[in-house]
Amino acid sequence: MQDAEQRRYSLGAMIFHWVIAVLVIVNWRIAESAEHMEGAAKGAAFGNHKSIGMLILVLTIGRIAWRLTHPRPPMPESHAKWERVLARTIHIVFYVLLIGLPLGGWLASSLVSRPVDFFGLFTIPMLPVGENKDLGGTIFDAHKTAGSIFIYLIGLHILGALKHTFIDKDLGIFRMLPFGGRSRE
Ligand code: HEM
Ligand code: HEM
């Protein structure tokens, strides 16, 4: 028997998780709607998309540093082996995408010689890779595909959290929330 507090993530991990989750979903919606815009509106929407993406990159570096220095609660014993393996695999792929998507966007923007203007506050320097529009275009195509894969995996991740909460009735989603759930199991 363990207290709920020992089975929850640390408060810092929760804050990183939810801030980044909201930003990822917002950024995906901005990119999708920007694709259907024209002219200045499209430029402004992609400007926001790039800035939010770079913010996600910085937050993810902080999150990984936090993750490496703060213990994670053990997975509930009620989870089947395949569920643990699937959940962990998705988490690892998430970290790869949270770094890879913004880095790829930054790299592709540099290759097409378009520096990122961070919310109009300052310009993020281009990566020193020179100009190569073909390669930039290919990386943007990969960026879009990886973005779509991300969304499907987020769907699976949410289904997993809901299953553990409402079907298995273990702490589930409350592992990532500072309140709620059964106090002991
Ligand atoms: C975690 C952060 C990011 C996510 C989840 C993300 C996601 C996406 C998605 C899903 C699309 C495709 C939209 C569509 O096909 O309708 C897209 C397009 C795009 N993203 Fe990102 N992105 C991120 C970060 C960045 C960054 C940091 C940059 C640039 C510095 C960037 C630049 C672009 C550009 C320019 C496009 C349009 C590509 C084209 O139409 O060829 N993204 N992004
Ligand atoms: C939208 C983007 C999201 C991303 C990028 C994301 C990413 C992650 C990552 C990387 C972890 C693993 C933490 C670690 O151990 O290092 C995690 C855990 C978790 N996430 Fe998400 N998440 C997202 C959305 C959500 C949503 C919407 C929910 C709720 C429905 C949720 C519920 C959880 C829960 C409950 C855990 C803890 C898993 C466990 O039991 O160990 N996440 N998330």
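Me: How do the residues of the shell around ligand 1 divide into nonpolar, polar and charged?

Reply: This is a predicted model, in which local features need pLDDT of at least 70, side-chain atom pairs count only at pLDDT 80 or more, and totals for chains, interfaces and linings use all residues. Residues are numbered from 1 along each chain as its sequence is written, and chains are lettered from A and ligands numbered from 1 in the order in which they are written. The shell around ligand 1 has 13 nonpolar, seven polar and four charged residues. Ala, Val, Leu, Ile, Met, Phe, Trp, Tyr, Cys and Pro count as nonpolar, Asp, Glu, Lys and Arg as charged, and the others, Gly among them, as polar.

Me: What makes a residue count as near a ligand, and which come nearest to ligand 1?

Reply: Its C-beta atom, placed from the backbone, must lie within 6 Å of the molecule. Of the 24 residues around ligand 1, the nearest include Ala31, Gly53 and Pro102.

Me: Why is H4 called roughly antiparallel to H5?

Reply: H4 and H5 pack at about 155°, with axes 9 Å apart. Angles over 145 degrees count as roughly antiparallel, and H4 is therefore roughly antiparallel to H5. Their contact comprises 16 nonpolar, eight polar and one charged residue.

Me: Which element gives the most to the shell around ligand 2?

Reply: H2 does, with five residues. By class, this shell around ligand 2 has twelve nonpolar, three polar and three charged residues.

Key
Axes fitted to C-alpha atoms, helices over the stretch in contact; angles between N-to-C directions. Helix = DSSP H or I, 4+ residues; strand = E, 2+ residues; numbered from the N terminus. Parallel < 35°, antiparallel > 145°, perpendicular 65-115°, else oblique.
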